[in-house]
Amino acid sequence: MSIRRHVILITDGDEYAKRAVEHVAQEIGGRCITSSYGNPSKLSGPEIVKLIKKTPYDPVLVMFDDSGIVGEGAGESALKYVATHEDIEVLGAIAVAARSRHEEWTRVDVSIDRDGILTPYGVDKYGIQELELGRINGDTVYCLDELDIPIIVGVGDIGKMARHDSYKLGAPITKKAVELILERSGFHVKEQ
């Protein structure tokens with residue numbers, strides 16, 4: 001029997017997200033599957049699972065991106081494969097808002113606005129609170145509702161949010177979302 005790996009799913013994969021997620025992974029003592037970045041995602045689900053299994057320690061942060069493709073694009077297909085793989089334990093997901101032309105959306109348990117404030121409302125790509133409770137619009141979020149994910153945290157566009165989440169500032173919103181998932185999952189308690 002193989003050891004289950006602890007993974008956080010992130011629905012963004014452009015260059016800004018890559019820099020922010022790499023920085024946060026290093027800050028929290030986790031790993032980032034850097035080659036999972038791409039807009040849209042270039043790696044398949046099985047390829048990503050192989051890379052996750054090669055990482056020396058958890059948690060593993062993995063990026064997925066559909067680049068606005070309608071319905072299930074490459075990013076969502078890979079995300080579903082990873083999330084349902086028997087060797088993967090999903091700690092949570094970060095649902096990233098986008099100004100999607102196709103208005104794909106998902107429920108979120110909580111959002112973090114660009115000032116780092118937790119809110120029950122969704123946020124837009126700039127990290128500004130919206131009017132709908134527990135819902136976020138994005139382009140790689142459609143399948144999250146179909147999956148058994150313990151906590152989904154909504155955020156604005158990772159690494160951006162009008163520079164509030166720049167990796168040069170330590171990507172504070174992304175970091176807070178990852179820390180919230182780790183806290184709610186009891187990850188550090190499981191480690192001990």
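Author: Let us begin with a definition: axes are lines fitted to C-alpha atoms, for helices over the stretch in contact, and angles run from 0 to 180 degrees between N-to-C directions. The model shown here is a predicted one, and in it the axes of helix α2 (residues 45-54) and helix α3 (residues 74-83) come within 8 Å and cross at roughly 50°.

Reader: Which residues make the contact of α2 with α3, and how do they divide by class?

Author: On the side of α2 they are Gly45, Pro46, Ile48, Val49 and Ile52, while α3 brings Ala78, Tyr81 and Val82. They divide into 7 nonpolar, 1 polar and no charged; Gly counts as polar, and Gly45 is among the contact residues of α2.

Reader: Why is α1 called oblique to α4?

Author: The axes of α1 and α4 are 9 Å apart and the helices pack at an angle of about 50°; as roughly perpendicular begins at 65 degrees and roughly parallel is under 35, α1 is therefore oblique to α4. The contact is made by Ala20, Val24, Glu27 and Ile28 of α1 with Thr174, Lys175, Val178 and Leu182 of α4, and by class it has 5 nonpolar, 1 polar and 2 charged residues.

Reader: What makes β2 and β7 edge strands?

Author: The open sheet has 7 strands in the order β2-β3-β1-β4-β11-β6-β7, with mixed pairing. β2 (31-32) and β7 (118-119) each have a single partner strand, so one side of each is left without a neighbour in the sheet. Within this sheet, β1 (residues 5-10) and β4 (residues 88-96) pair in the parallel sense over 6 bridges, and Val7 stands opposite Val90 in β4.

Reader: How do you know that the radius of gyration agrees with a compact globule?

Author: For 192 residues a compact globule would have a radius of gyration near 16 Å, and the protein chain has 15 Å, which agrees.

Definitions and conventions:
Residues are numbered from 1 along each chain as its sequence is written. This is a predicted model: local features need pLDDT of at least 70, side-chain atom pairs count only at pLDDT 80 or more; totals for chains, interfaces and linings use all residues. Side-chain values use heavy atoms; hydrogens and water are left out. Two strands pair if DSSP finds at least two bridges between them. Helices (H or I, at least four residues) and strands (E, at least two) are DSSP runs, numbered from the N terminus. Contact means heavy atoms within 4.5 Å. The radius of gyration is taken over C-alpha atoms; the globule rule is 2.2 Å times the number of residues to the power 0.38. Angles under 35 degrees count as roughly parallel, over 145 as roughly antiparallel, 65 to 115 as roughly perpendicular and the rest as oblique.
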